[in-house]
Amino acid sequence: MTGTGKALLMIGATSDIGRATAIVYAEAGWAIHLAGRARAAVQREADDIAARTGAAVTVHELDILETARFEAFLGAVSPLPDTVVCVVGELGEQSRAEQELEYAAMVMRTNFEGPALLLGLMAERFAARGSGTIVGTSSVAGDRGRASNYVYGAAKAGLTAFLSGLRNRLSRSGVRVLTVKPGFVRTRMTDGMKLPPLLTAEPQEVAQKIFATAEGGSRSDVVYVRGVWRPLMTIIRSIPEFIFKRLRL
C-alpha cells in the first residue's frame with residue numbers, strides 16, 4: 001500500500017465506530033494512532049487493523065476522565081496527526097442518572113468535559129502549526145432535551161456548543177472543526193434496543209461519512225450521518241414548549 005504521509009489520531013478506538021473509522025483511514029493509506037482506555041484491547045485492534053490494511057498503527061492508553069493526563073498523552077502522540085476523530089461516548093441509564101449523582105457526573109464528563117478539554121488542547125497544537133482537522137461526534141440527543149435521555153442529551157448539547165465555538169474561533173487559522181451527529185447506530189452501546197431502520201446507521205456508514213466529509217473536500221461543518229435527521233430534528237426543535245411537555249419522547 002502507498003502511504004499518504006498523513007496520520008489519524010482515533011480517540012475511542014475500541015468502540016464499533018472508532019474501529020470502523022480507523023479502518024477506513026488505514027485503507028486510504030493513513031498512519032493510525034489508536035487511543036483507548038484498555039491498552040490490551042487497543043493493541044488487539046491495532047494488530048488486526050495493521051494485518052488487514054498494512055498501515056502503520058501505534059497504541060496509546062487514554063482514559064477520557066483523567067483530564068490531568070491529557071498533556072502527557074498528547075505529548076506522546078508523535079508526530080502531530082493531521083486529523084483527530086473523537087467518538088468517545090457513554091449513553092448511560094437515564095433513570096439511574098436521576099438518582100445517583102456520581103453516575104450522572106460520569107455520563108456528563110464522558111460525553112462533554114473529557115472530549116471537549118482534549119479536543120481543545122489538540123486545537124491549540126493544530127492552530128500553532130496552521131493546519132489540522134478535528135472531528136467530534138455529538139448526537140441528535142443534544143438538539144433538544146427529552147425526558148428519556150436528558151442527562152446524556154445535555155452533555156452532548158454541551159459538546160455541540162463547544163465545537164461550534166471552537167470552529168468559530170479557529171475559522172481563519174487553517175484548522176477545521178467538524179461536528180458529526182450519527183443518530184441511532186447499531187453498536188454494542190445500543191444492543192437490545194429496538195431501533196427504527198430508516199433512522200439507524202451501521203458503524204461502517206458513520207465511518208465512511210466521517211472520512212468523506214473530513215477528507216473529501218466537503219465544506220460541511222455539522223453533519224447528520226443520515227440526512228433524514230436534519231428535518232426531523234428541525235421539527236422537534238420547533239415544537240412549542242407547552243406542547244413538547246405533553247409528549248413522551
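The structure is a predicted model in which local features need pLDDT of at least 70 and side-chain atom pairs count only at pLDDT 80 or more, whereas totals for chains, interfaces and linings use all residues. Residues are numbered from 1 along each chain as its sequence is written, and side-chain values use heavy atoms, with hydrogens and water left out. Helices (H or I, at least four residues) and strands (E, at least two) are DSSP runs, numbered from the N terminus.

Helix H1 has 12 residues and reaches 17 Å from its first C-alpha to its last, close to the 16 Å expected at 1.5 Å a residue; the expected span is 1.5 Å times one less than the number of residues. Burial was assigned from relative accessible area (buried under 20%, exposed over 50%, partly exposed in between; 1.4 Å probe, protein chains only). Of the 12 residues of H1, 9 are buried, so the helix is largely enclosed by the rest of the structure. The buried residues are Ile17, Gly18, Ala20, Thr21, Ala22, Ile23, Val24, Tyr25 and Ala26. Their cover, in terms of contact (heavy atoms within 4.5 Å), includes strand S1 (7-11), strand S2 (31-36), H2, S4, strand S7 (184-185) and helix H7 (203-215). Just after H1, Gly29 takes a positive phi of about 95°. Most residues other than glycine have a negative phi, and most peptide bonds are trans.

A search of the whole structure finds 3 aromatic pairs. Rings of Phe, Tyr and Trp (its six-membered ring) pair if their centres lie within 6.5 Å; planes under 30 degrees apart count as stacked, over 60 as edge-to-face and the rest as tilted. The ring centres of Tyr25 and Trp30 are 4.9 Å apart with the planes at 85°, so this pair is edge-to-face. Tyr25 is buried at 0% relative accessibility, and Trp30 is buried at 5%. Tyr25 also pairs with Phe211, where the centres are 4.8 Å apart and the planes are at 85°, so this contact is edge-to-face as well. Tyr25 lies in helix H1 and Phe211 in helix H7, so the pair ties together parts that are 186 residues apart in sequence. Phe211, like Tyr25, is buried.

The structure holds 13 salt bridges, each defined as a side-chain nitrogen of Lys or Arg within 4 Å of a carboxyl oxygen of Asp or Glu. Side chains of opposite charge can pair when their charged atoms come close. One of the bridges joins Arg19 to Asp48, the closest N and O atoms being 2.8 Å apart. Arg19 lies in helix H1 (residues 16-27) and Asp48 in helix H2 (residues 39-53), so the pair ties together parts that are 29 residues apart in sequence. Both count as partly exposed, Arg19 at 22% relative accessibility and Asp48 at 26%.

Arg125 forms a salt bridge with Glu71, with the closest N and O atoms 2.8 Å apart. Because Arg125 lies in helix H5 (residues 101-129) and Glu71 in helix H3, this pair ties together parts that are 54 residues apart in sequence. Arg125 is partly exposed at 26% relative accessibility, and Glu71 is partly exposed at 44%.

Within helix H5, Arg109 forms a salt bridge with Glu113, the closest N and O atoms being 2.5 Å apart. The two residues, Arg109 and Glu113, are 4 residues apart in the helix and are separated by about one helical turn. Arg109 is partly exposed at 30% relative accessibility, as is Glu113 at 31%. Elsewhere, salt bridges that share partners join Arg19, Glu45, Asp48 and Arg52 into one network.

A cis peptide bond joins Ser78 and Pro79, with omega about 0°. Pro79 is placed in the loop between helix H3 (70-76) and strand S4 (83-86).

Leu247 lies in the segment after helix H9 (241-244) and is partly exposed, with a relative accessible area of 33%.
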